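Please prepare a briefing on the structure shown below.

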Amino acid sequence: MSRQLQDAYIVAATRTPVGKRKGAFAHTRPDDLLAHVLARVLAQVPQLDPARIGDVIVGCAMPEAEQGMNVARIAALLAGLPDSVPGVTVNRFCASGLQAVADAAARIQLGAAEVMLAAGTESMSCMPQITGNKLAFNPAVFGSEHLDIAYGMGLTAEKVAGRWQVAREDQDAFAAESHRRAIAAQSSGAFAAEISPYCVRTRAADAASGVVRLGERWVDSDEGPRADSRIEALARLKPVFAAGGSVTAGNSSQMSDGAAAVLLVSERVLRAENLTPLARFVDYTVAGVAPEVMGIGPLVAIPPLLGRSGVRLDDIDWIELNEAFAAQALAVIRELGLDPARVNPHGGAIALGHPLGATGAIRTATLLHGLQRTQGRYGLVSMCVGTGMGAAGLFERL
Amino acid sequence: MNKPRRLSIRRAAVLGAGVMGAQIAALLAAARIEVLLYDLPADADDSRAIARGAIGGLARLEPAPLASPELAAAIEAADYEHDLSRLADCELVIEAIAERLDLKEALYRRIEPALAPTAILVSNTSGLSLAALAAALPPARRARFCGVHFFNPPRYMTLVELIATEHSDAALLDALETWLVSQLGKGVVRALDTPNFLANRIGVFSLLAVMHHGAACGLGFDEVDALTGPLIGRPKSASYRTADVVGLDTLVHVIDTLRATLPDDPWRALFQTPDWLAALVARGALGQKTRLGIYRKQGRTIEVLDPASGDYRPAAGQVDAGIIALLRQAAPERFAALRASEHPQARFLWAIFRDVFHYCAVQLEHIADNARDVDLALRWGFGWTQGPFEIWQAAGWAAVTAAIEADIAAGRTLCAAPLPAWVHTPGRDGVHHAGGSWSARTQRERPRSTLPVYARQLFPDRVLGEAAADIGETLLEQPGVRLWRLPRLDAGIGIVSLQSKMHAIGEEVLDGVLAALEVAEAELDGLVIWHEAPFAVGANLKQVAEACAAGEFARLAALADKFQRTTQALRYARVPSVAAVQGLALGGGCELLMHCTQRVLALESYIGLVEFGVGLIPAGGGCTRLAVQAAERAAATATPEEVFAFVQPAFMQVAQGRVANSALDAVRMGYAQPGDIVAFNPHERLYLALKAARALSENGYRPPLPVRAIPVAGITGIANIEMVLTNLQLGGQISAHDYRVAKAAASALCGGELDPGSRVDEAWLLALERCLFLELVQTAETQARIRHMLETGKPLRN
């Protein structure tokens, strides 16, 4: 008997606080962060038997070393899931976490699974350089028509700033606003519902006693937002990627560590277990652009997504648009005519940080809890992706 | 009493974490001494914050006090309240707190009971009476107390004044002098316990004389500085700029001290703070530290104070062309001409020299043991190329003496005090002779110190008229190189000394080194490369430029080939070679020392492969050595084929033309090796190198085997670097030619366009770097860079 297409519902979503690179999670492993959110998200739906999970799909942009070896499976086992639950790691760079959610939803929609766990994890503290642990660039890039594969992300942001005429002042103002919103959200407790605080355990040499001194420190909020961020200070920063450019450390996303997990079920499970969904997963698109302007990726992802689902832009109450760079975020906002008030109401990656492959799952958690709080209906998560892609996922609160 | 024959300090404390104290601590750390840096307890929870802040600040100071950045970790912050008991472990305690007798006395009372009985306590005071300080100590401590006065910045200024009190233990002073000279590399002058001691007494007098005569001759401050800098053998900062650097408040303090403590000095009337200087200090313009002083920077222009109006004007400071021509003459003619001239600049110069000569002659018996100490103190402490007595002697003792007498008689000198009788001794032609230097106190010539440590200095800093150093026996002499030996030390070790200007390495030098190696292999046990600093400023660019201009690229190819044959001959010779390095060792000079068996490096050695600055890559075996070393370092890891991680830092060094800021830094950068010898005193280099070469030979020296299977990063390594270069070029941070040169360096270091992990031999790498060098040298951009460097001394970005 052929299986029916069915809807996928998100019944729980949580994330760790996001630490700055070499900050709160400097010595915390990404697989431990991941195991933590997997366990926490399941704990939020205790009536669901974990053995029913069809697969654990985890996004990670640099799946190597501490987050290599199929981190999804390792963390699932560490989280106490039964041996019978498998795990797979997916990589679409900065969209990895959202890709995991979309893939999990698709398995349910196809009828191939009834319960799915989607997640993302990334520790940029673990990476000696942002290109991963070992750089091994393909020589064929040089002399090919795709020299732009070699472009650093910052340089692509400069290209976007140039082509879409995004002024330095606008970028700095956008960055300052991101911090302002994030600080406001933190002080109002807006992130409390989505964050699962993490206990960092430290092991330090105690020279006096000659023993290992164990310590514990609870991390319960994002480390990135700065209450003292001001446009004037941002304006004084030097461009880092191009002489005479406009992209600075202050109007770029922060390098970070973090993880998030989302639990999805079919309508059948929803009804049988009498679960309250956070949202229905509507649809997901991903498409490519020229690598040299990777930042405008959402321009080719969002319109088809809306077209396919028949949802108008005006119907969307909350947009999580990843702030890889203020330059590209502003270019996307202007080109698509997004309402700045609905884009990143709690701030974005410039303030909150951007743990690459985890971001998609993290911002999904932010979006779904935000829609709950504000009683909005449609919400969108979108981001640009290195080497030139855009991804977007649409959710509906019921 | 414990009288160590040889002082060996393992642990020391510096009291006072001011600029001077922290920098002294940095110097001690470089000498591998564990240092506790003390200051007052801070109010906050972190009681050691003051000292910790000072240690953190060391990395930001220029010139760098730390010989290598990681040395900061060898200095521990402490405070007098919580860490007093830790002083018990310190063998040497250097006090460097504020210059106030009452504060120092109070500190001594507090810390003395915590010291080990055998500890040595010294004060870095720059002018307080050591006798008065000793009186604040219990009698038992006084034998182990004296003054050790460093000059700022202590890492770079050679001079240390060693000041005894009547209680100081003579044997301890000798041991301390030995330690300061050999372990810290300082030039020690035994000064007397007189106000401001020796160097500052004369140096500050000289500055006051400059101020006085500058005003009298109507010269602007900038004009005075133009006259009193390198033109007369003094540092570039000359007079007023030096005052800004020292701090105008400090200067006023020193002048006040002179006036207060020298009531009987016949020149006392000069010890006055000029009104304009008092006014500057009163309004907080203290010089460099407040960015406002005698000079100030307005945007890009430098402005100088006009004392009459109190306003600033753009600094110019022109020296009359006639005066410049006059100063080029030999000393006797120069001084005669200065005195004869009516030009205000000439009158000024004669007056400042005359009054310093006059002052030194009168004060010699009161402030110094002998004239050599005076001259070396000014050279080492103030950066003069010659001391005052040397200048006088060079100018013709009798003639200058007569001129000073005439000026005294005519009332032109600052003071009417007569010259002391010894100046007029019949037949006197100066104060420095082969047998020693004049001591006015003892009325006889004083030979050099016989402390054994000085026997290690085969070529010490000598004063004019002193007996020349032993230059040994010549074995071979060619235009570029002299091969010789010192039979009294070791007849079996040859010494190669480069004879070219700035020891640049041209064809004649390469021929000389090759010839010397031939002699050494046939007749000697080892070879040392030694000459006065700089070790070598690089390959002879002039020869390269000439060949380029004439289009003689075959000649350049032959030259590159000869360079490689020379470095390879050094590396694989049957006898060991030891390079004795001091100062700059750049480009080809760096390659030469990299291929020696071992190196003796003065701490102040500035080593680097800087070819990138003229659009070239190292091709004398430098890239090959770095590639081989990267493979060797990778071989010690779990993934020996993954050499790129080790190539990358080498590439960054080459592509940025980075120069090591000390011998220790050079080891870190791979230009020197961990087993090399760091000579804190550069004058010990030759001695140490001869001993090292002998030891290598005695230990049955065998040349290294050729390296055959060197894993290289290959095409992936080059691509990794190109990725970075692509971004830099697109970001407008490097030019297309920078890209080309950097890619050539990447290729040379990665072994060329091979599969990653391919194995090659040295010949492959050598041919590759030679080939890439020859490609670059034929480009118009590189040739323009070379011409520009020869014409301006600065790199061209094109």
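For "domain: Thiolase N-terminal", an unreviewed UniProt entry lists residues 9–267 of chain A; UniProt positions follow the numbering used here, feature names are shortened, and annotations may be inferred rather than shown by experiment. Over residues 9–267 of chain A, the chain is 28% helix and 22% strand, and the end C-alpha atoms are 7 Å apart. The model is predicted: local features need pLDDT of at least 70, side-chain atom pairs count only at pLDDT 80 or more, and totals for chains, interfaces and linings use all residues. Residues are numbered from 1 along each chain as its sequence is written, and chains are lettered from A and ligands numbered from 1 in the order in which they are written.

**Chain A overall**

- Chain A contains 11 helices and 12 strands; helices (H or I, at least four residues) and strands (E, at least two) are DSSP runs, numbered from the N terminus.
- The radius of gyration of chain A is 20 Å, close to the 21 Å that the globule rule gives for 398 residues, so chain A is as compact as a globular protein of that length. This radius is taken over C-alpha atoms, and the rule is 2.2 Å times the number of residues to the power 0.38.
- Along the principal axes, the C-alpha atoms of chain A fill a box of roughly 65 × 60 × 50 Å.
- Of the 398 residues of chain A, 57% count as buried (20 or more other C-beta atoms within 10 Å of the residue's own, C-beta atoms being placed from the backbone; 12 or fewer is exposed, and in between is partly exposed).

**Listed active site of chain A**

- For "active site", an unreviewed UniProt entry lists A:Cys94, A:His354 and A:Cys384. They span 291 residues in sequence, yet no two of their C-alpha atoms are more than 12.1 Å apart, so they gather at one spot.
- A:His354 is found in the loop between helix H10 (349–352) and helix H11 (359–374) of chain A, and A:His354 is buried, with 27 other C-beta atoms within 10 Å.
- A:Cys384 lies in strand S11 (residues 378–385) of chain A and counts as buried, with 33 C-beta neighbours inside 10 Å.
- Not counting residues up to four places away in sequence, the residues that A:Cys384 touches include A:Cys94, A:Met294 and A:Gly390; contact requires C-beta atoms, placed from the backbone, to lie within 7 Å.

**A:Arg21**

- A:Arg21 is in the loop between strand S2 (19–20) and helix H1 (30–43) of chain A, and A:Arg21 counts as buried, with 21 C-beta neighbours inside 10 Å.
- A:Arg21 and A:His354 are 333 residues apart along the chain, and their C-alpha atoms are separated by 9.7 Å.

**Chain B and its contact with chain A**

- 13 residues of chain B are in contact with 17 residues of chain A. The side of chain B that touches chain A divides into 5 nonpolar, 7 polar and 1 charged residues (Ala, Val, Leu, Ile, Met, Phe, Trp, Tyr, Cys and Pro count as nonpolar, Asp, Glu, Lys and Arg as charged, and the others, Gly among them, as polar).
- The domain assignment of chain B gives domain 1 (11–191), domain 2 (199–417) and domain 3 (473–781); such bounds come from an automatic or database domain assignment.
- The C-alpha centres of domain 1 of chain B and domain 3 of chain B lie 40 Å apart. The contact takes 10 residues from domain 1 of chain B and 10 residues from domain 3 of chain B.

Methods
Contact = placed C-beta atoms within 7 Å.
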